[in-house]
Amino acid sequence: MTINDWIQIGAYLGVLLVLVKPLGLYMAKIFEGEWPGSRVSSLVERPIYRLFGVDDSSEMNWKSYAVSMLLFNFSGFLFVYALERFQFYLPLNPQKFAGVPPDLAFNTAVSFMTNTNWQAYGGETTMSYLTQMAALTTQNFVSAASGMAVLIALIRGITRKQTEWLGNFWVDLTRGVLYILLPLSFLLALALISQGVIQNFSPYRKASIVEPFKGDAGKTVQDELIPMGPAASQIAIKQLGTNGGGFFNANSAHPFENPTPLSNFLEALSIPLIAAALCYTFGVMVKDVKQGWALLAAMFFIFVPLLLIAVHSERAGNPAFASLGVDQAAGNMEGKEVRFGAANSALWGTVTTATSNGSVNSMHDSFMPLGGFVTLFMMQLGEVVFGGVGCGLYGMLAFVFVAVFVAGLMVGRTPEYLGKKIESFEMQMASVVILIMPAIVLGSTAIAVSCQIGKSAVSNPGPHGFSQILYAFTSMGNNNGSAFAGLNADNPFYNILGGWVMLLSRFWVKIPVLAMAGSLARKKIIPSGPGTLRTSSTLFIGLLIGVVLIVGVLSFVPALALGPIAEYLGMARI
Amino acid sequence: MTAKEIQNQSVIALKAICVFTILLGLFYPALVTALGQVLFPRQAQGSLIVDNGRVRGSALIGQFFHGDKYFWGRPSATSPDPYNSASSSGSNWGPNNPALWSAVKDRVSFYQKNNPGLSGIPVDLVTASGSGLDPDISPKAAFFQVKRVAHARGMSEAAVRKLVQSYIQKRQWGFLGEPRVNVLLLNLSLDRSAALKLGRIF
């Protein structure tokens, strides 16, 4: 790693940390409904609730909250599916793209509704502008806001006592969209346009290239077709909402999505921004900001070492080229862009998998074995290191309950967290939240590798081929959406199995989290005594990190050994 | 929850998705487009390079160059042809894939043939970019080709080197990203200086 790599990483982490407190505080005020502008803003909010037909002063118990969320997400799914299927007949389709085939439309609709943004299609060759905006951009906002709403409900479950009520889903959803995601996206979109991200409704532009050449078909290629479209507005929310779905096939490696190092910095910063700041929001809402910092610290202590491994691995280059007389000072550049270089690509790769974002500025498929390992393992930790907007923190809180429980067993006390007793129901739900993911990921990988149709999609030989399949289901099973993109995933097998994997992993986690919130809300708050485990202590942070890592390692080491680890050992042979 | 309540919530859900689609899927992109077109019209339209009313490309999208008198960009894995701007893509070859090894080997020997007497080929010249449309090469990779380009154009190496030097984009804000040279802009300026020499003005 060069000195400049260290400076870039340091600046990145520094700016992220500086923004955590102000944004976290702002979000807490928004969700508590007591920020200074709330009287003015109710002029905007009220008419919306009236349109919905919602009484914003009424609250919901966990079941109603879950049902409303499911119904809303399902309507979103139907809407996206319909727009994709009928896009040919709808306006804003200058390239006259045909309707999306049913299996791909199903996969994509599930993918965007679950905040995964797995893409078995190339944007510039498949989707009309209307589909990109009305279907996909909208879901980028509301799927992120749904995740935030569930987190806020869980926090209310922790802070309230002896009640059924967790808040109103429609109000939490609307506030998350209106005051957090929308203004931030708007600012980011404009900043990105200034750097060269496109934003227009023009048809694709034909250009006569400078040096014509004889093409693959034997004909002389004289023109190129430059894609256009409203990209910046979608890219801004895809980063901020940890969605990750690219406007173009190459995602944020595409020069129109990410044209300069500054656009890269802003986009990469937006990826973990809200998820990290929500830790502070949590601290404010439970009236003990140290608790929020403790969770953020645990995330950083897992994130930074893995980040350094990835950067180091991509910086070192490919030993297979050493004997060819290639100057590899720039590192492993296959699948990477010159303007970002190896360090920024590895940084992005780590942060996009640590959060459940999944956008890429370089091709993870061409990462060195250890770099690829980091991206896979980050997802396999369950997307709790920052994680998705909202869902990262509620996943982490499930790990906190397990850590508290383990600590309680050690000293023989009833485990409690922030004054709430953690009892068998919470433990059951936390276990479901944590264990459902490995079961889904490993199960679906096993299905794919044991049938011909699953294996035939692979595009690399040896252990890397296995990694491609493992990566696909790890990504979908954690609602990440990035890929070892050589895998030929646009076929009914991957589209349909993958669609179900995304659905199960999203909702089989969200619903138990809400059930947990409901159960916690009903409990009393016990005042803390001298024997209470201090959950903001260094000791507890260490224990939490230990629990997260042990669960991740125990679940996935055998699979990782067959994939990136075998590949690494094979590479070391050269 | 009673069936009545579920029905009620379903209606709200449908209304909500309609309202949010109008706000987030239509109004928000339209507003960003309007402001983008006013504040940064060139960028919002794709940073197009227009020459005598003819669009020659985008400053952000690389083009395929193959003649000796042009600087060559990075290998591109788009299909069916390299630098197919309508379909971005990387190779997605793993680091251990024999296809990658042989492709790199071929590119190395190709460069050695066309740039005789030079060693230490910069890695970006023999590896494909992630988008397949990377507009840039490293300054090292540009200087590596100076001799060939100068020879093919009958220019002095020093003159070409100076031109390359003037096209190096430094790290943004001094530390972000990597230094780079935009191949398309560099090649266009080579053509322009040749035309100026012949008394033709673009």
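**View 1. Strand β3 of chain A pairs with strand β3 of chain B.** The two strands, residues 326-327 of chain A and residues 121-122 of chain B, run parallel and are joined by 2 bridges. Strands pair if DSSP finds at least two bridges between them. Helices (H or I, at least four residues) and strands (E, at least two) are DSSP runs, numbered from the N terminus. A:Asp327 stands opposite B:Pro122. This is a predicted model, in which local features need pLDDT of at least 70, side-chain atom pairs count only at pLDDT 80 or more, and totals for chains, interfaces and linings use all residues. Residues are numbered from 1 along each chain as its sequence is written, and chains are lettered from A and ligands numbered from 1 in the order in which they are written.

**View 2. Chain A touches chain B.** In this interface, 111 residues of chain A are in contact with 94 residues of chain B (contact: C-beta atoms, placed from the backbone, within 7 Å). Helix α3 of chain A, residues 62-85, gives the most to the chain A side, with 9 residues. That side divides into 59 nonpolar, 39 polar and 13 charged residues. Here Ala, Val, Leu, Ile, Met, Phe, Trp, Tyr, Cys and Pro count as nonpolar, Asp, Glu, Lys and Arg as charged, and the others, Gly among them, as polar.

**View 3. The largest nonpolar core has 231 residues.** A nonpolar core is a set of buried Ala, Val, Leu, Ile, Met, Phe, Trp, Tyr and Cys residues joined through C-beta atoms within 7 Å. A residue is buried if 20 or more other C-beta atoms lie within 10 Å of its own, exposed if 12 or fewer, and partly exposed in between, with C-beta atoms placed from the backbone. Among the residues with the most contacts inside the core are A:Leu154, A:Phe399 and A:Phe401. Helix α6 of chain A (residues 129-159) gives the most to this core, with 18 residues. A:Phe401 touches A:Tyr417, A:Ile422, A:Glu426, A:Met427 and A:Ala430, not counting residues up to four places away in sequence.

**View 4. Helices α6 and α13 of chain A pack at an angle of about 35°.** Their axes are 8 Å apart. Axes are lines fitted to C-alpha atoms, for helices over the stretch in contact, and angles run from 0 to 180 degrees between N-to-C directions. From α6(A), A:Gly147, A:Val150, A:Leu151 and A:Leu154 meet A:Cys391, A:Leu393, A:Tyr394 and A:Leu397 of α13(A). By class, this contact has 7 nonpolar, 1 polar and no charged residues.

**View 5. Helix α8 of chain A is mostly covered.** The buried residues include A:Ala232, A:Gln234 and A:Lys238. Its cover includes α6, α7 and α9 of chain A together with α1 of chain B. A:Thr242 follows the helix and has a positive phi, near 45°.

**View 6. B:Leu186 lies in helix α7 of chain B.** B:Leu186 counts as buried because it has 24 C-beta neighbours inside 10 Å. B:Leu186 touches B:Phe71, B:Ala142, B:Val164, B:Tyr167 and B:Val181, not counting residues up to four places away in sequence. The C-alpha atoms of B:Leu186 and B:Leu163 are separated by 7.7 Å, with the two residues 23 residues apart along the chain.

**View 7. Strands β1 and β2 of chain B form a hairpin.** The strands, residues 48-51 and 54-58, pair in the antiparallel sense over 4 bridges. B:Leu48 has B:Ser58 as its bridge partner. Between the strands are 2 residues, and B:Asn52 in the turn has a positive phi of about 55°.

Terms used: Two residues are in contact if their C-beta atoms, placed from the backbone, lie within 7 Å.
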